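The exercises below are meant to be worked through with the sequence and the 3D view side by side. Each one gives a task and then a solution in steps.

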Amino acid sequence: MLSIDAVRSQSRIVLYVFALGIAAVSAPAQAAPPAALPFPFLLPPPALAYEPPAAAPQIITPSEDEGAASELPARLRRQVVSYATREAPGTVIIDTPNTYLYYVTGGGRAIRYGIGVGRDGFTWSGVQSVTKKAEWPDWTPPPEMIARQPYLPRHMAGGPGNPLGARAMYLGGTVYRIHGTNAPETIGTHVSSGCIRLTNQDVIDLYSRVNVGTKVIVLPMERRADLGKAVR
């Protein structure tokens, strides 16, 4: 038989265990720790404040032939020079060997322009007059030029890409012209098929001075004396 003390001791143990069970049931459940993501490197990047893209830089394209005059050698730039001649003011004189064009202003002076002239075998000389003027002229190569260069276009509309450039002054009934160019680097050279070329800036200036009927004197290659001296 159990003694009274043993019974009391067992009762206390039962009561203690029972109390622990009640405490475990009544205690609030704790949240389980978050499960680790299998691919943490795929997490989205943190949100960034939106910044509008910077405006694209504006590119300014120079106009056709702009700056060509300043890039020419000093001797080929348009300038007023002393020029001894008996020709009347308004006359145009082409100094073929020295690649100059003179516009006579009178008083022993002229405006001198650098030009490109005919290559070997294509220079000419004589006296003509301006019979026609045109702005941004079309170009129709003459048959003899096409015979030499069959790849040339039969006709080209006027514009910046046209080899006649910004202006043209037609000489008599010939195929020759005083005109601008889309290749200003050829000024001062013997490269054309006989036409006289200026930079677009210079041909625009000359065009404003020359009238239909203006006398044009083209000097031969044999004359090499440059009588035009810059006015200081």
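**Exercise 1.** Describe the lining of the largest pocket in this predicted model, beginning with how its residues divide into nonpolar, polar and charged.

*Solution.* The residues of the lining divide into 12 nonpolar, 7 polar and 5 charged. Turning to the elements, two or more lining residues come from each of helix H3 (143–148), strand E8 (177–179) and strand E9 (190–192), and the largest share, 3 residues, belongs to H3.

**Exercise 2.** Find which strands are joined by bridges to strand E4, and decide how much of E4 is buried.

*Solution.* Begin with strand E1 (residues 79–82), which runs antiparallel to E4 and is joined to it by 4 bridges; here Val81 has Ala110 of E4 as its bridge partner. Next take strand E3 (residues 100–106), also antiparallel to E4 and joined to it by 6 bridges, where Tyr103 stands opposite Ile111 of E4. The hairpin of E3 and E4 has 2 residues between the strands, and in this hairpin Gly107 takes a positive phi near 65°. Finally, E4 itself, which spans residues 109–114, is mostly covered, since 5 of its 6 residues are buried.

**Exercise 3.** Determine whether Thr96 is buried or exposed, and list what it is in contact with beyond its neighbours in sequence.

*Solution.* First locate Thr96 in the loop between strand E2 (92–95) and E3. The relative accessible area of Thr96 is 3%, which is under the 20% cut-off, and therefore Thr96 counts as buried. Then leave aside the neighbours within four places in sequence: the contacts of Thr96 are Val117, Thr123, Trp124, His190, Val218, Leu219 and Met221.

**Exercise 4.** Identify which residues of the largest nonpolar core touch the most other members, and follow one of them, Ile94, to the residues that it touches.

*Solution.* The core holds 22 residues, of which Ile94, Leu101, Ile178 and Leu206 touch the most other members. Two or more of the core residues come from each of E2, E3, E4, strand E7 (167–171), helix H4 (200–209) and strand E11 (215–218), with H4 giving the largest share, 3 residues. Not counting residues up to four places away in sequence, Ile94 touches Tyr100, Leu101, Ile115, Ile178, Ile196, Val216, Ile217, Val218 and Leu219.

Technical notes
Residues numbered from 1 in each chain as written. Predicted model: local features only at pLDDT ≥ 70, side-chain atom pairs only at ≥ 80, totals over all residues. Heavy atoms only, no water. Nonpolar A, V, L, I, M, F, W, Y, C, P; charged D, E, K, R; others polar. Buried < 20%, exposed > 50% of the residue type's maximum accessible area, 1.4 Å probe, protein only. Pairing = 2+ DSSP bridges. Contact = heavy atoms within 4.5 Å. Core = buried A, V, L, I, M, F, W, Y, C linked by side-chain atoms within 4.5 Å.
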